[in-house]
2 protein chains.
Amino acid sequence: MPGDLGFTSITEADDPRISAFRDIRERDLTGRQGRFIVEGTVVLRMLAAAHKAGGDFEAESILILENRLAGVSDILREFPSDVPIYVATASVLDAIVGFNLHRGILALGKRKSDKDMAQTIRQLPKSSLVLVGCGISNHDNLGSMFRNAAAFYADAVFMDATCCDPLYRKSLRVSVGSVLSVPYHRGGGAVEMLETLAAEGFDIWSLSPAGTTEIRQIPASNRMALVIGTEGDGLAPDVLTRFHTARIAQAPELDSLNAGTASGLALYQMASAIGRI
Amino acid sequence: MPGDLGFTSITEADDPRISAFRDIRERDLTGRQGRFIVEGTVVLRMLAAAHKAGGDFEAESILILENRLAGVSDILREFPSDVPIYVATASVLDAIVGFNLHRGILALGKRKSDKDMAQTIRQLPKSSLVLVGCGISNHDNLGSMFRNAAAFYADAVFMDATCCDPLYRKSLRVSVGSVLSVPYHRGGGAVEMLETLAAEGFDIWSLSPAGTTEIRQIPASNRMALVIGTEGDGLAPDVLTRFHTARIAQAPELDSLNAGTASGLALYQMASAIGRI
């Protein structure tokens, strides 16, 4: 084991120092006071970067499977030394987290601050591309939307109050940690949120199979927002009628694309239109 | 209940007529002799269409939750009357299938025939767009690739022997049933498969973060194949060096896109280049 890395060995599953990791599957379903679970090396690295940047997120503690320690020591060194690193055997770890999907790399993170919508908008550059989710309840899709937002240089993600929490374990994992790097705000009603963005100079493009403009034809503008609705019902009529609508050309008899994939296709086109990629 | 629809009520979970549906989660892991489980209305409708078309797939039996029967009667009428429809209460159905994710709509399908690679290629039109998977082991990603193939008018999907089975329950569901509508072949080695396609006049485009041609720049040609590798290791070097390579422009510090999303982006560009969308 890396000798220069300070860590604490945990030998009992009921050790209070690692109580936050107990039954993380259940924890996802309960109030968490801004805390979230990080799994795997990719997201752990993003948490280290977020902590270092001193933004909205910080690490509270790290829990590593004994035989994974050497392999992630370079990432662990990126955290300040006051973030405790706990190391446990497989049997302790399995007993703690209740299932074996964690791959031996876990951390407990905390959202330190929660900016409101106005603050989040104020921090956007003059020329901006943002992604907006309305009623996205599938954690995979929301995670995928964040991953695509990061890949195609979106400046922020906005979600109405009916979207699920992007810090949920599965969203965070599917986002490959992008939830920790792309600024976001979640809350409020969909129409109110879009009207706020429109008032801030955003051209609002709602994606829908019935949209009038094909995504390749969306004209570049200084501030662009792509809006994705829930897979089942799509976007509400009052959203579709008030703003621009866009569609993805596809075989008509088939269900419209998955929300994650659709967000990737449209963001790619918009990022391309404004010369970001 | 719809009186003109012939069905059989099942009152015992151990009724041998529905034994094929017992513990379907386990069945996915075992040999199935070309049989597969269909869940939900969207895929059931695709199975009906496939059965009617008289192609590679047929329905063997259908199992519906009592209170879902009326809602799907229009789909059930699309099946020939010799396909048995079993109807059960929630308690019987839960006991049969062992978990409650089926939404009360299940069918047992069978792959009747298995064309070899040469036969599958022979049935392609002169101008063709095909999707190729190498080592895709994630059922979600494979299902998503089929969904995108169907959406962007691909003529077939080819998979090497190391890809998972697209008829696996979860792949089929994520594909929204496209596995039953897009012709496919699975088997053989990746390089051998690609060389066969090249010999049949296909321009082979392997997608990789290190690809030389950005997907917007892929030139149209009469026969085009898009190749997607496994997420972890990507495509093997011998695949990348022998054929054209393409990349998706994205933020460089981030993991490359999910295989499902990446296939959608590249297929969209290729279908667009050849004027299919």
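Me: Which residue of chain B comes closest to the rotation axis?

Reply: In this predicted model, B:Thr261 is the residue of chain B that comes closest to the axis, with its C-alpha at 2.4 Å.

Me: How do you know that the axis is two-fold?

Reply: Chain B is superposed on chain A by a rotation of 180°, with 0.0 Å of shift along the axis and an RMSD of 0.0 Å. The two copies are therefore related as by a two-fold rotation axis. The contact residues agree with this picture: 100% of those of chain B recur in chain A, and the same surface serves both copies.

Me: What makes the two chains count as being in contact, and how many residues of each are in contact?

Reply: The criterion is heavy atoms within 4.5 Å. By that criterion 32 residues of chain B are in contact with 32 residues of chain A. The chains bury about 2400 Å² between them, and 59% of this lies on carbon and sulfur atoms. B:Arg147, B:Leu254 and B:Tyr268 supply 25% of the area that chain B buries against chain A, more than any other three residues.

Me: Which helices of chain B each supply at least two residues of the side that touches chain A?

Reply: They are helix H2 (40-53), helix H6 (139-151) and helix H10 (259-273) of chain B. H10(B) gives the largest share, 6 residues. By residue class, the side of chain B that touches chain A divides into 17 nonpolar, 10 polar and 5 charged.

Me: How many salt bridges does the rule find across the interface of chain B and chain A, and how many residue pairs in polar contact?

Reply: A salt bridge requires a side-chain nitrogen of Lys or Arg within 4 Å of a carboxyl oxygen of Asp or Glu, and across this interface the rule finds 0. For polar contacts the cut-off is 3.5 Å between N or O atoms, and the rule finds 10 residue pairs, both residues being at pLDDT 80 or more.

Me: Why is the pair A:Arg169 and A:Glu39 called a salt bridge?

Reply: The closest N and O atoms of A:Arg169 and A:Glu39 are 3.2 Å apart. The limit is 4 Å, so the pair qualifies as a salt bridge.

Me: Where are the two domains of chain A, and how many salt bridges does the rule find across their interface?

Reply: The domain assignment gives domain 1 (8-111) and domain 2 (117-273), and the rule finds 2 salt bridges across their interface. The C-alpha centres of the domains lie 30 Å apart, while 16 residues of domain 1 are in contact with 13 residues of domain 2. The buried area is about 1300 Å², of which carbon and sulfur atoms give 62%. There are also 3 residue pairs in polar contact between the domains, both residues at pLDDT 80 or more. Helix H1 (24-27), strand E2 (35-39) and helix H2 (40-53) of chain A each supply at least two residues of the domain 1 side. H2(A) gives the most, 5 residues.

Me: What makes the salt bridge of A:Glu78 with A:Lys52 a link between distant parts of the chain?

Reply: The closest N and O atoms of A:Glu78 and A:Lys52 are 2.6 Å apart, whereas the two residues are 26 residues apart in the chain. A:Glu78 lies in the loop between helix H3 (73-76) and strand E4 (85-88) of chain A, and A:Lys52 in helix H2 of chain A.

Conventions
Residues are numbered from 1 along each chain as its sequence is written. Chains are lettered from A and ligands numbered from 1 in the order in which they are written. This is a predicted model: local features need pLDDT of at least 70, side-chain atom pairs count only at pLDDT 80 or more; totals for chains, interfaces and linings use all residues. Side-chain values use heavy atoms; hydrogens and water are left out. Buried area is the accessible area (1.4 Å probe) that two parts lose on being put together, summed over both. A polar contact is a pair of N or O atoms within 3.5 Å; within protein, one must be able to donate a hydrogen and the other to accept it, and residues adjacent in sequence count only if both atoms are side-chain atoms. Helices (H or I, at least four residues) and strands (E, at least two) are DSSP runs, numbered from the N terminus. Ala, Val, Leu, Ile, Met, Phe, Trp, Tyr, Cys and Pro count as nonpolar, Asp, Glu, Lys and Arg as charged, and the others, Gly among them, as polar. Domain bounds come from an automatic or database domain assignment. Copies are superposed by least squares on the C-alpha atoms of residues with pLDDT of at least 70 in both.
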